[in-house]
Every structure is written in structure tokens, then in C-alpha cells.
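Please keep the sequence and the model in view while reading.

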Amino acid sequence: MNASTKPKKPVSTTDLVSVRRQWNSWEVAEVYVGEVSNPIWDIESGGIKQTAHDALIYGHVWCDSIVSGSLAHSCLHGTAPHSIKVCILRRDNSSRIYNYFLALVGPKPSMWQR
């Protein structure tokens, strides 16, 4: 069996996914796949509610679930930990991880198709 026909390893809850607060943020963090809840297509980020140029995959993570990296976030406005909205970008993740989330959210809604 060569590399092109080798079955891909299934995504595990302990695999890492790279996330950002906004699509264009320079800060990137890694969290466990199992920590991301309610993945959806959306155009508005969490935090400052920035509108993206296109619909992207967003989900929610607890602010204390970051394994590495950092996100634009503070706990000054409430009791920690709390859920924060994050963006999952294709460019930050392997195709195996990104396609896992793509399968969860399904096709991009027609109102956001280009």
C-alpha cells in the first residue's frame, strides 16, 4: 500500500486544531478538537464582532482550554472560565483536521455561496 492509498487516520478529540478570534488576527492558538463545541458557518467573529469577507467555520471553546499560542481575549468582563467564539481556518490546519470540521458543519449555506 503506497502513501496515496493509505487510509487517513481518523480525527481524535485529542488532536489539535488551530483557532483565531478573528479571521485576520495574527494570534493563533491550538486547542484539542474535543474542546470545540457548536461548529457553524458564520461571518461574524466573537469578541469585537468583526465581519469576515466570507462565511467561515466558527466554534466555541473555553478560554482556559488553550494548549499553546494565544488569542485576543481577556477575562476582565466576567468570571473565568467562559466560552469564547473562535474561527477555524483552512490555512491554519491540515486538510484532515479542517475536513473534519467541514463534515460537521456541512456545505456552506447558499446565502454565503460565491
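## Loop residues and their surroundings

Valine 28 counts as partly exposed, because its relative accessibility is 29%. The model discussed here is a predicted one. Valine 28 is found in the loop between S1 and S2, and, when residues up to four places away in sequence are not counted, valine 28 touches Ser18, Val19, Arg20, Ser68, Gly69 and Ser70. Its C-alpha lies 9.0 Å from the C-alpha of alanine 72, although valine 28 and alanine 72 are 44 residues apart in sequence.

Arginine 20 also has its place in the loop between S1 and S2. Is arginine 20 buried or exposed? Its relative accessibility is 9%, so arginine 20 counts as buried, the cut-off for buried being under 20% relative accessible area. The side chain of arginine 20 reaches the backbone oxygen of serine 25 at 2.2 Å. With neighbours within four places in sequence left aside, the contacts of arginine 20 are Ser25, Trp26, Glu27, Val28, Leu71, Val86, Cys87, Leu89, Arg91 and Asp92.

Glutamine 50 sits in the loop between S3 and S4, and glutamine 50 is partly exposed, with a relative accessible area of 25%. Neighbours within four places in sequence aside, glutamine 50 is in contact with Gln22, Trp23, Asn24, Ile43, Glu44 and Ser45. One of these partners, Gln22, is 28 residues from glutamine 50 in sequence, while the C-alpha to C-alpha distance for this pair is 6.9 Å.

| Residue | Relative accessible area | Class |
|---|---|---|
| Valine 28 | 29% | partly exposed |
| Glutamine 50 | 25% | partly exposed |
| Arginine 20 | 9% | buried |
| Cysteine 63 | 12% | buried |
| Cysteine 87 | 0% | buried |

A disulfide is a covalent bond between the sulfur atoms of two cysteines.

## Strands and their pairing

The secondary structure of the chain comes to one helix and six strands, and along the sequence these elements follow the pattern β-β-β-β-β-β-α. Strands of a sheet pair through backbone hydrogen bonds, either parallel or antiparallel.

Three of the strands form an open sheet in the order S1-S2-S5, with antiparallel pairing. The edges of this sheet are S1 and strand S5 (68–69), each of which pairs on one side only. Between S1 and strand S2 (residues 29–32) there are four bridges in the antiparallel sense, and valine 17 has valine 31 in S2 as its bridge partner.

S3 and S4 run antiparallel and are joined by five bridges, with glutamate 44 standing opposite threonine 51 in S4. The hairpin of S3 and S4 has six residues between the strands, and there glycine 47 takes a positive phi near 70°. S4 also pairs with S6 in the antiparallel sense, over six bridges, and within this part of the model glycine 59 stands opposite valine 86 in S6. S6 itself is mostly covered, since five of its six residues are buried.

Helix H1 spans residues 95–105, and its buried residues are Ile97, Tyr98, Phe101 and Val105. Seen down the axis of H1, these buried residues fall within an arc of 95°, so they line one face of the helix. Which strands are included in what covers them? The cover includes strand S1 (16–19), strand S3 (37–44), strand S4 (51–62) and strand S6 (83–88). After H1 comes glycine 106, whose phi is positive, near 80°.

## Chain totals

Of the 114 residues in the chain, 36% are buried. Among contacts between residues at least 6 apart in sequence, 59% join residues at least 24 apart. The chain exposes about 6800 Å², of which carbon and sulfur atoms supply 55%.

Methods:
Residues are numbered from 1 along each chain as its sequence is written. Side-chain values use heavy atoms; hydrogens and water are left out. Buried means under 20% relative accessible area, exposed over 50%, partly exposed in between (1.4 Å probe, protein chains only). Helices (H or I, at least four residues) and strands (E, at least two) are DSSP runs, numbered from the N terminus. The arc is that of the directions from the helix axis to the C-beta atoms. Contact means heavy atoms within 4.5 Å. Two strands pair if DSSP finds at least two bridges between them. Accessible areas come from the Shrake-Rupley method with a 1.4 Å probe; for residues, only the protein chains shown count as cover. A polar contact is a pair of N or O atoms within 3.5 Å; within protein, one must be able to donate a hydrogen and the other to accept it, and residues adjacent in sequence count only if both atoms are side-chain atoms.
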